[in-house]
Amino acid sequence: MTTTLPTTKRSASRPAHRAPTRDPGPVRTGAPEQRRLLDRLPPTDLRVLRLYLFTRLGLWLVAYCTAWLSPAGSDARTPAPWLSRWEQWDWVHYQHIGQYGYFDPFPGVDPASDNRVAFFPGFPLLLRGVHTLITDWTVAGLLISLVSGAVAVVALARIAGLGRPDSARAGQRATGFLLLSPAAVFLAAGYTESLFLAFALPAWLAAKNRNWPIAGVLAALATTTRISGLFLATAITVECLLARDDRRGRRRWRSLPWCALPVLPATAYTVYLHANTGDWTAWKHAQERGWYRDFHTPAEAFRNTWRNAFDHLQTTGYAWEFQLELAAMAVGVLLLFFLLLRRRWPEAVFIGLNLWALGTSYWYLSIPRATLLWWPLWTGLAHWSLRRTWVKEAYVGVVAPLTVVLAVTFTSGHWAG
């Protein structure tokens, strides 16, 4: 006899059990390509980029204010154009190189005072390329700095977090210290600092990860923008020589030619200038003519800077800027001492070469701007602030306000380094 087990029917009022579904979270808007790009970035990078964007907005607001507060003429009734606030000092040289090249004449130039060759070609060449898409030269320069600065801050955050359990906090602190540094306005202007860092910091990150070909190529690109790329290449070479990996020792020696790659763009530029001027040291001579960068002993450079800062030889604005130069040099010397004490030889080589180049001219010039390139300063401050909470408080309370002062100084047309 067959027994049939009774079957039960589900009540219509009781739905079948369903597996719990995952909350998809907030819906992201925007183009699919943008959403995919954001999904690839770690949360730390996103926080760093958010801080970067907010500080850009702050500097743009400062430029807007100076357009009203410092227009052309004391009796002006209309503000200066906002873009004109960024067309200051070295930017004029970069635009002229991008527009006319290094040797073609242009209206209003005095050949005797034309020192365009003092500027390496990387930024002007990129500016000329972007100008083919964006016709306004100033907007093109600002866009280059905006994009390259974003790359730079992400790389800096990753360098600060290398080998640390609190890598996210260290990266955010380092980026914050950089973006609130006194000379931070030059990261927003159409200057070379952002572009240099966009190549140099990933190059150093690649070196720390023992990827010497990538490090060499990026350092070579950095050298197209500033002579400091050669200092970076020297630091990478020292890092390569000190790398501890016995199993790959032979391959490490084979990697040294990659470290020397940055010599090529500097050599190519020297040959180009010689072909047009007949002078193998045309770049150096332009630096001497325009900015008094002929060689002097460190003691002479210090004395000349001190006299111009405090002996009433300059107007008060220029004297104050020379005081900033002295303060920045003091920070560099302290940083070098710290790096030597900690036996961080590659970083010490980079800072030492920078200090030697900047401290052996007739006087100190553009050292506050140069601090932007000193990544060991920003990572060191970040690590220190994580051990001593007062460091961040002191920096924000005492140092960061100078950011606004120098931003106003630059965007109002005064010399700011």
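How do the residues lining the largest cavity divide into nonpolar, polar and charged? Seven are nonpolar, two are polar and none is charged. The legends below describe a predicted model.

**Close-up 1. The largest cavity holds about 40 Å³ of space.** A search of the whole structure finds one cavity of 30 Å³ or more. Its lining includes Tyr52, Gly149, Ala152 and Val153. Leu178, Leu179, Leu187, Ser194 and Leu197 also belong to the lining. Two or more lining residues come from each of α5 (137-160), α6 (167-179) and α8 (193-208). The biggest contributor is α5, with three residues.

**Close-up 2. The largest pocket holds about 1200 Å³ of space.** This pocket is lined by 43 residues. Closest to its centre are Gln287, Trp291, Arg293, Leu365 and Ser366. The elements giving two or more residues to the lining are α3 (90-100), α10 (228-242), α14 (282-291), α16 (316-341), α17 (345-358) and α18 (367-370). By class, 25 lining residues are nonpolar, 12 are polar and six are charged.

**Close-up 3. The second largest pocket holds about 890 Å³ of space.** Here 30 residues form the lining. Val331, Leu377, Leu381, Trp384 and Tyr395 lie closest to the centre of this pocket. Two or more lining residues come from each of α16, α19 (375-387), α20 (389-399) and α21 (401-411). Helix α19 gives the largest share, eight residues. The lining has 23 nonpolar, three polar and four charged residues.

Terms used
Residues are numbered from 1 along each chain as its sequence is written. This is a predicted model: local features need pLDDT of at least 70, side-chain atom pairs count only at pLDDT 80 or more; totals for chains, interfaces and linings use all residues. Side-chain values use heavy atoms; hydrogens and water are left out. On a 1 Å grid over the protein atoms alone, a cavity is a set of points where a 1.4 Å probe fits but cannot get out, and a pocket is an open set with protein on both sides within 12 Å along at least five of seven lines; lining residues have an atom within 4 Å of a point. Grid points are joined across faces, edges and corners, and a volume is the space filled by probe spheres set on the points. Helices (H or I, at least four residues) and strands (E, at least two) are DSSP runs, numbered from the N terminus. Ala, Val, Leu, Ile, Met, Phe, Trp, Tyr, Cys and Pro count as nonpolar, Asp, Glu, Lys and Arg as charged, and the others, Gly among them, as polar.
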